[in-house]
Amino acid sequence: MSELAFFSGTMDCGKSTLALQIEHNRSARGLQALIFTRDDRAGEGKLSSRLGLVTDAVEAEADLDLYGYVVRRFSQGGRVDYVIVDEAQFLLPAQIDQLARIVDDLDLDVFAFGITTDFRTKLFPGSQRLIELADRVETLQVEALCWCGARATHNARTVGGVMVVEGEQVVVGDVSNGAGEIGYEVLCRRHHRKRTTRATAGAGALSPDVLPVTPA
C-alpha cells in the first residue's frame, strides 16, 4: 500500500541526508526515483546535504503541477517507482494535495522532507498541509543541538549573529553563513524565546539564564 510520508525536524537534523540515503538504498535495488526540491542551498534543481552529498532534482516552482509532471513522465515512456520531495515546507498547499493524489491515483510512495515551523515559530503552509494529509509523520531522530547543548527545537533567523523575528517567511540561507549575512541557527525553546544566539550569548558578560540574587 503506497503512502505519503512526511519526515520533519529542525534545520541541521539530517533531513536531506536521509532523503539521499533513501534514494541510494532504493536505486541499489533497481528502483528509480523522481526527486523534487525547492530553494535548495546548492542552487536550482539540486538536492544537497551538509555532508557534501548532492544529486540532481526537479525544481518545484510554484506553478509546477507535481501530479501532472509525473503523469507526463509516464506518458513519455519514463519510469517512476517512487517520489522524493525535499524542502517540502516551501511547497504550496495545492502542491501537497498533488502529492497525495500521486499516492492515491498512481499508487506511488511519496517521501517528503521538511521543517515544520519558520523563524517565527509559525507553521509553513506546506508543512501544515502535509501534517493534515500525510499517512505518516515522523520526527527525525538525529537531534540538532542548541549552542547551550540542549535539544534544538526552533529555527532562528539571524543577521550578523543577531536573531530577527520580522521579515519574509522564505529567505534562503544556511546555518553556516558568516557574520553580517542572513543565516539560520537552531535553538532550544528557552533561547529562542529570549532571542539568545551563540553570538549574543558570547557577547554577554553574564549568562541570560542567571537569576538575580537579592542579598538576605
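**Salt bridges, a helix pair and an enclosed strand**

D97 and R129 form a salt bridge, with their closest N and O atoms 2.8 Å apart. D97 belongs to helix 3 and R129 to helix 4, so this pair ties together parts that sit 32 residues apart in sequence. The model is a predicted one, and everything below is read from it.

Two packed helices are described by the angle between their axes and the distance between the axes. Here, helix 3 (residues 93–106) and helix 4 (residues 125–133) meet at an angle of about 35°, and their axes are 8 Å apart. The crossing of helix 3 past helix 4 is right-handed. On the helix 3 side, the contact is made by P93, I96, D97 and A100, which meet P125, G126, R129, L130 and L133 of helix 4. Sorted by class, that contact holds six nonpolar residues, one polar residue and two charged ones.

Back to the salt bridges: the count comes to eight. Among them is the one between R136 and E3, whose side chains meet at 2.4 Å, N to O. R136 lies in strand 8 (residues 136–139), while E3 lies in the segment before strand 1 (4–8), so the pair links parts that are 133 residues apart in sequence. Put together, E3, R136 and E138 are linked in a network of salt bridges. How buried or exposed are its members? R136 is partly exposed, with a relative accessibility of 26%. E3 comes out as partly exposed too, at 22%, where a value under 20% would have made it buried. E138 is also partly exposed, with a relative accessible area of 32%.

Strand 11 (residues 182–187) gives another picture. Five of its six residues are buried, so the strand is largely enclosed by the rest of the structure. As for its pairing, strand 9 (residues 154–159) is joined to strand 11 by six bridges, and the two run antiparallel. Within this pair, H154 stands opposite L187 of strand 11. In a regular strand the side chains alternate between the two faces of the sheet.

Note on methods: Residues are numbered from 1 along each chain as its sequence is written. This is a predicted model: local features need pLDDT of at least 70, side-chain atom pairs count only at pLDDT 80 or more; totals for chains, interfaces and linings use all residues. Side-chain values use heavy atoms; hydrogens and water are left out. Buried means under 20% relative accessible area, exposed over 50%, partly exposed in between (1.4 Å probe, protein chains only). Helices (H or I, at least four residues) and strands (E, at least two) are DSSP runs, numbered from the N terminus. Two strands pair if DSSP finds at least two bridges between them. Axes are lines fitted to C-alpha atoms, for helices over the stretch in contact, and angles run from 0 to 180 degrees between N-to-C directions. A crossing is left-handed if the near helix is turned anticlockwise from the far one by less than a right angle, and right-handed if clockwise. Contact means heavy atoms within 4.5 Å. Ala, Val, Leu, Ile, Met, Phe, Trp, Tyr, Cys and Pro count as nonpolar, Asp, Glu, Lys and Arg as charged, and the others, Gly among them, as polar. A salt bridge is a side-chain nitrogen of Lys or Arg within 4 Å of a carboxyl oxygen of Asp or Glu.
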